[in-house]
Amino acid sequence: MREICFDTETTGFYPDKGDRVIEIGALELIDHIPTGKIFHEYINPERDVPEEVVKIHGIKTEDLIDKPKFSEIAEKWVEFVGDDGVFVAHNAEFDMKFINFELQKCGYEVYEKERVVDSLIIARKKYPGQHNSLEALCKRFNIDDSARTYHGALLDAQLLSEVYYKLICGEESKGLFTEEKVLKTNKYQETTQIKIIERHFTLSEKESSEHRNFLEKNIKNPIWICDEIK
């Protein structure tokens, strides 16, 4: 399954009243695990960023003057998502409302609700009556969010990918995330880049033979059998 775990930062709460997207951060998941493929853009909203919103994400109007408009990155975003990408977001209604508004404004088709997974809804069903913000879930699952001094789209999407894995696979699951994290900081954004563990297994001659026999018996011209092992 291919999923797009993503988050947005905006100038406010209501796109129909003039608020715009100023940052998109997303990463590709295959079977709930990050592949390393990411999308990240700061966007010129063509309007001022209110001071009360700057206190949340730290992104000021002057930081965005030289950034592309949404219309200039829309095609890149649509290509990244593709036709098969299922969205994963925390409080997805908010993010999808803005993404669809921006896409429609640029003449693109909007995304249907059927393509969206809301991790907040999953968390509320699993932990009713408890705090289920991204921050609260990071604490519950012992996920390090120390770099999150401000809300940031890419950082929040990366943290959400870990939270989502725990929600889907269970609190005790270790998953395939390494403990190594690379921190990148500038004056208005801090991000972490999640790496993936490479797991190697050594098969006995008997296991290798049984695996080869299974492939040859059940799969026509299996690509897993290369010339070197024939």
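1. The largest pocket holds about 530 Å³ of space, in a model that is predicted. A pocket here is an open set of points on a 1 Å grid over the protein atoms alone, where a 1.4 Å probe fits and protein lies on both sides within 12 Å along at least five of seven lines, and lining residues have an atom within 4 Å of a point. The volume is the space filled by probe spheres set on the points, which are joined across faces, edges and corners. The lining has 23 residues, and Asp 7, His 90, Asn 91, Phe 94 and His 151 lie nearest the centre of the pocket. Strand β1 gives the most to this lining, with 5 residues, and β1, α1 (51–57), α3, α5 and α6 each supply at least two.

2. On conventions, the model is predicted, so that local features need pLDDT of at least 70 and side-chain atom pairs count only at pLDDT 80 or more, while totals for chains, interfaces and linings use all residues. Residues are numbered from 1 along each chain as its sequence is written, and side-chain values use heavy atoms, with hydrogens and water left out.

3. The protein has 7 helices and 7 strands, which are DSSP runs numbered from the N terminus (helices H or I, at least four residues; strands E, at least two). Along the sequence they follow the pattern β-β-β-α-α-β-α-β-α-α-α-β-β-α. Of the 230 residues, 46% count as buried, where buried means under 20% relative accessible area, exposed over 50%, and partly exposed in between, with a 1.4 Å probe and protein chains only.

4. In the largest nonpolar core, which has 21 residues, Phe 6, Ile 24, Trp 77, Phe 87 and Tyr 111 touch the most other members. Such a core is a set of buried Ala, Val, Leu, Ile, Met, Phe, Trp, Tyr and Cys residues joined through side-chain atoms within 4.5 Å. Helix α2 (70–81) is among the elements that each supply at least two residues, and the largest share, 6 residues, comes from α2. A second, separate core of 19 residues includes Cys 5, Leu 134, Leu 160 and Val 163.

5. Which residues of helix α4 (residues 119–126) are buried? They are Ser 119, Leu 120 and Ala 123, and they lie on the same side of α4 because they cover an arc of only 100° around the axis, taken from the directions from the helix axis to the C-beta atoms. On the other side of α4, Arg 124 and Lys 125 are exposed. The buried residues of α4 are covered by elements including β4 (86–89), β5 (116–118), α5 (134–140) and α6 (153–169), with contact meaning heavy atoms within 4.5 Å.

6. Glu 23, in strand β2, is buried, with a relative accessible area of 0%. The side chain of Glu 23 makes a polar contact of 2.7 Å with that of His 40, and also reaches the backbone nitrogen of Ala 153 at 3.2 Å. A polar contact is a pair of N or O atoms within 3.5 Å; within protein, one must be able to donate a hydrogen and the other to accept it, and residues adjacent in sequence count only if both atoms are side-chain atoms.

7. Finally, most residues other than glycine have a negative phi. Phi of Asn 142 is near 55°, a positive value; Asn 142 lies in the loop between α5 and α6 and counts as exposed at 72% relative accessibility.
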